[in-house]
Amino acid sequence: MEKSENKNCACIDKKLEKELKEILEKYTNSKDNLITILNEVQMKYGYIPKIAQSKISEYLDIPMAEIYGVITFYSRFTLKPKGKYAISVCLGTACFVKGSEKIMERLKQRLNIEEGETTPDGKFSIDATRCVGACGIAPVFTVNGEVYGKATVKKLDEVLDSLQ
Amino acid sequence: MDTLEKIRKIRESKRKELDIRVNSTVGTKEKHILVCHGTGCTSSKSPKIIENFRKIIKEKKLENVRVIQTGCFGLCAKGPIVIIRPEDTFYAMVTPDDCEEIIQSHIIEGKVVDRLLCKDIDGSKVQKLDDLNFYKKQKRIALKNCGKIDPEEIEEYIAFDGYKALEKVLLEMTPDEVIEEVEKSGLRGRGGAGFPTGKKWRLTKNVEGKQKYVVCNADEGDPGAFMDRSILEGDPHSVLESMIIAGFAIGADQGYIYVRAEYPIAVQRFSVAIKQAREYGLLGKNIFGTNFSFDVEVRLGAGAFVCGEETALLESIEGKRGQPRVKPPYPANSGLWGKPTLINNVETYANITRIILNGAEWYSSIGTEGSKGTKVFALGGNVVNVGLVEVPMGTTLREIIYDIGGGIPNGRDFKAAQTGGPSGGCIPKEHLDTPIDYESLKQIGSMMGSGGLIVMDDTKCMVNLAKFYLSFTVDESCGKCTPCRIGTKRMLELLEKITKGDGTIEDVEKLEELANSIPKTAVCGLGQSAPNPVLSTFRYFREEYLEHVNEKVCKTGECKALAKIQIHEDKCKGCGMCKRNCPVEAISGEPGKVHHIDEAKCIKCGTCISVCPFHAIG
Amino acid sequence: MSKESMVNLIIDNKNVSVPEGTTILEAARKVNIDIPTLCFLKDINEVGDCRMCITEVEGRRGFATSCIQKVEEGMVVHTNSPAVVEARRTILDLILSNHHRDCLTCVRNGNCELQALAEKLNMTDVRYDGTKNEYEVDDKSPSIVRDFNKCVLCRRCVATCKKVQNIGAISSTGRGFSSCISTVGNNSLDDVNCTFCGQCIESCPTGALHEKYSINEVWEKLKDENTYVVVQTAPAVRVALGEEFGMQIGTNVTGKMVTALKNLGFDKVFDTNTGADFTIMEEGTEFVKRFKEKDNLPMITSCSPGWVKYIEMNYPENLPHLSSCKSPHEMFGAIIKTYYAAKNKINPEKIYVVSVMPCIAKKFERQREEMKENGLYDVDAVITTRELAKMIKQANIDFINLEDSMFDDPMGEATGAGAIFGVTGGVMEAALRSVSELVTGKELEKINFEEVRGQKGIKRATVKIGKEEIKVVVANGLGNAKIIMEEIKQGKADYQFVEIMACPGGCIMGGGQPIKSSKIRATVNVQKKRADAMYTIDEKSKIRKSHENPVLQKIYKEYLGEPGGHLAHEILHTHYEAKPKYRI
């Protein structure tokens, strides 16, 4: 295992540490704040960096294994950064009934990666979500949070072409 | 000025100001442009619409015109929706570019923009929201304020009897009287299982304990259901007010609302509501000068369906992995941090204030013998009017799907409706006239669930649907108990085998054995109900399973390996729809002549089947 | 128990009356009705996850989880109705379907709770077979091997690590079918905050957790004629080894053990109890000095390597409180390779010292750089009580019918004080016996220090030595150690001498001892039986105070000089330093 996930210099770790400290100081060190803090870190960095796990562990006095257990339990938390374009296909029932499975298949085929993975160039990542609440315009997929409704395989292809 | 006096004053003055929202005959020069800001319409650029309206109004220096962001109107299929009050004109599928015309024509010149009016099921254009068939059979109790008020303005909520129930409870009632009222109303939990709400309150109140908690379950996990989200987005204070009332009734001073982080708008609106309520002294110490104190905190979920299960939810609030606890003990005895805890879902709470204000008798006059009041459904799938509907208990499925929902689009036939999400079951044609209530749905092998109602037409394969739900459960199983962790996985593997064409009769038997065993042995509701989609499709569509294993055929073509996609020459009119939509150019044919599919190129994606206007492909 | 708090129920047609709050499982066991369990571990893991213990309760929908559900008045329970048996078989079938079923070559063959269940429920095939999770085996650490392919997700190890030891090196991770028990980032136990106490192994029902075996290395050395293979056995091994051969818990098998070791071909068989006597001489002397000089009090014992790793990782700022003594087997190894080698004119490089220990952290301790003399490790291999039993079985020795033998001279003679080292409170008691007499110069009237004995997690006592009062604390289990460390850290410690053992109950309950099933742990007081056997050895010893051991007196006189003197320090003491909790 590599020593630091940031292959960059120590100053980046320092900056990260400072930011994490600011996040942590907003909360008491009560253990039930764990998920709230993880949510904030996830939103800020797009994943939960290792150094964050370690700082949270110290702050809340929760062993790292347990924090890891929580991170890997909840699907919103990720251990790796997402791609530049994070594409999510809704696999909720309304979208499924309207054919979102085909959109997911096409997406995996086009990008040659599986759900939860990022392309080697870091450009795209695929996720399945369960209902983004846009059932009225099902099926939908999202790119970095922007919703594309009434989606078809063709529409997906067009969007991918425009991003490539 | 103390809180009580301040609230009463606002209620009076603001109510007059907002008469325009409910009274179409009010004589005023004012115009309120209401724009839906629910998640569905937001995804279709409603924030941009609001922005454009405001910009144009400013440019044109229009006075007396206000733009209000509201919660969901319900008819998501026609979104983004814009309504203009007081005349109650209903514009559908509005784009940001339409704003200019609406302002110029409607507001300035007084001419309705005809092209933006909504077409009803029969094709006629409808001017007013209430004239739509979609709304006629609905009865809005939980959704009363959705689409009427700006959810981020507590004063608007107060104007429409907001915090009046709390006032009544704190100043005129004892906790026992409050619970009695809820008991008498016949309200049952709207989260799915239908436990009598009053009884739950009574049980929690009766447990001795200095510290108790009130929890609101807003972890709406059923994929394809968005009732709770819409309530939180459209009327957060009604939930908050009811939580405070619940706190008074059971003797709790702290509440938590557990919301999915996937619902950012709901989270934000509810947080705003809490902030405003605190500012008004509606949360905090000595509310309305009584010795009752109460506060509420928001806790975010992080993407785990199982956290909708009440004990898993408690674990999650405590900051842990959301793994359910074995019951008993129930949360009423040992909940958050081991303290007595009351947990109700969003929609349940949304009914409380109305029950307190209008009385238990009024509430229990709505609905059926065993299921009182109304139920909100997220109507989706192969139905014309996708959206949010609230109907009295006892309404039949047929009424919801055909009268309100407008029937099945594309001239297809109804095949099944699914209620209860991954825990529920499929309801076939022969049960369309079943009245919706807790017991009837259970009897026909489904369940009320939280309110997801997905309609499926005859292009849907029921084995594939069962596989879809099982893959959901397998993904979302917490992994704690053996039957759910391994059993559902084995069920999914068997379904995969069957849909791939490798299944045998023995596999069907094994599937059935597991489906019957897991409900008896799994720890929590998720595991216990996981086999329901399989059991109910077995019950009504067994022949499809047998076709898959015996004849190796999936008639709908959804199971690709068993699909036989071909164009029926007698039905094909040569319109070219299939050819144009095929993503791999596998279809050829001259216009007006029968088309053909090149099997070597075909990826069996099924697009052609769904786009063919003559149902000639299958 | 008063009559009112009793609950009457019927289990399998038997009337049962048990105190309120009893579980169905406990109630059934009271009347000898056996309900199978897998994830249940009394007081530690009572979660109802595995579903093996389901029973039918009349009038109730679904099955009752008997390890959790409390009895109710008038309850009618059926523990083995056809419906229950069928449901249990389905559950077991599912567990087996995701299990590497290579029982014949599994380390727990014959002592596996899953295997026993499969036999009991007559599992002749696996009906619901399917894909299995495949995991890499983690054998990086010197102490523990984890093989998830054998894991049944009972989570007994997680609960033990977290609730008993308060470490949390492992946790449930992932969810659903891919749930597994793991460390942070799926790193090796070697790289995280694990102390190698091995309590997880003791709680594991299957072969998913076991010690890193050294059996083969030891056999190799035994084969090699050029190597002088010396074995020493820790105090706690002799009261537990017999269990591996079906003998009663708490049987003292010292004589048979020595015979077996000689039969296995060891050149010399020595007693680590003598090493323990050295530890008392050194630690006692160190304490008296530090007590007089008020130097870094309280002084804390250092003979439990899991504990030492714990303080190095968690309380490095408190390391000066730790005694500088090596643990008994290390001291003894050092004596063998110096004094004994010189005296018998053996090249120490040719000596191979094997320690038989109730502990797996000793495997880690053995290979620490600090545990070397003249470039040679004090001890070359550590095997557990279980490994010794495996070797005896491999050699086809009929253990139960062996004659007794004595440890080899001249290092064989040890005191009762050395014997009780293996029980919580034993080190303290042994130390107090010697410190008291060395300080006052008078013989003790009462040699037993009852106040530091017993099963409590933390024992506090005030002992009078001459005119001085000494406050002492004994803690066992790392969860309890943490409580004491927090007191010291916060300046609340008013005591001068602390004994800490990493394992709950001390070495007799160490991570290398015979593994007891969940049912035995729930129904038999294993700790008490083993402890009683230790105290009996002490009672029957001719000499019961370390400083009276003639072997020691001779070696100090001939070789080491004064206890705590220069040479003693060089070979019997060491130093400890801060270690990172995580190397990830």
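The radius of gyration is taken over C-alpha atoms, and the globule rule puts it at 2.2 Å times the number of residues to the power 0.38. With that in hand, here are some views of this predicted model.

**View 1. Chain B as a whole.** For 618 residues, a compact globule would have a radius of gyration near 25 Å, and chain B agrees with that at 26 Å. Its C-alpha atoms fill a box of roughly 80 × 65 × 40 Å along the principal axes. Of its 618 residues, 59% count as buried. Take the contacts in chain B with a separation of 6 or more: 71% of them are between residues 24 or more positions apart.

View 2. The average pLDDT of chain B is 93, and 100% of the residues score at least 70.

**View 3. A parallel sheet in chain B.** Here 4 strands of chain B make an open sheet, in the order S9-S8-S7-S10, with parallel pairing. At the edges are strand S9 (295-300) and strand S10 (341-345) of chain B, each of which pairs on one side only. From one strand to the next, the twist averages 20°. In general, the strands of a sheet pair through backbone hydrogen bonds, either parallel or antiparallel.

**View 4. Zooming in on S8 and S9 of chain B.** Strand S8 (residues 254-259) of chain B pairs with S9(B) in the parallel sense, over 6 bridges. To get your bearings, find B:Gln254, which stands opposite B:Asp295 in S9(B). Then look for helix H12 (residues 264-279) of chain B, which lies across S8 and S9 of chain B. This helix runs at about 165° to S9(B).

View 5. Which residues of helix H7 (residues 164-172) of chain B are buried? They are B:Ala165, B:Leu166, B:Glu167, B:Val169 and B:Leu170. The cover over these buried residues of H7(B) includes helix H1 (3-17), helix H8 (175-185), helix H11 (236-250) and helix H14 (346-358) of chain B.

**View 6. Where chain A meets chain B.** In this view, 36 residues of chain A are in contact with 43 residues of chain B. On the chain A side, two or more residues each come from helix H2 (34-45), helix H4 (64-73), helix H5 (93-97) and helix H7 (153-163) of chain A. H2(A) gives the most, with 5 residues. By class, this side of chain A has 18 nonpolar, 11 polar and 7 charged residues.

**View 7. Where chain C meets chain B.** Now 27 residues of chain C are in contact with 23 residues of chain B. Helix H2 (residues 82-97) of chain C supplies the largest share of the chain C side, 6 residues. The residues on that side of chain C split into 11 nonpolar, 12 polar and 4 charged.

**View 8. Chain C on its own.** Chain C has 19 helices and 19 strands. Its radius of gyration is 25 Å, close to the 25 Å that the globule rule gives for 584 residues, so chain C is as compact as a globular protein of that length. Buried residues make up 54% of the chain.

Methods. Residues numbered from 1 in each chain as written. Chains lettered and ligands numbered in written order. Predicted model: local features only at pLDDT ≥ 70, side-chain atom pairs only at ≥ 80, totals over all residues. Buried ≥ 20, exposed ≤ 12 C-beta atoms within 10 Å, placed from the backbone. Contact = placed C-beta atoms within 7 Å. Nonpolar A, V, L, I, M, F, W, Y, C, P; charged D, E, K, R; others polar. pLDDT = per-residue confidence, 0-100. Pairing = 2+ DSSP bridges. Axes fitted to C-alpha atoms, helices over the stretch in contact; angles between N-to-C directions.
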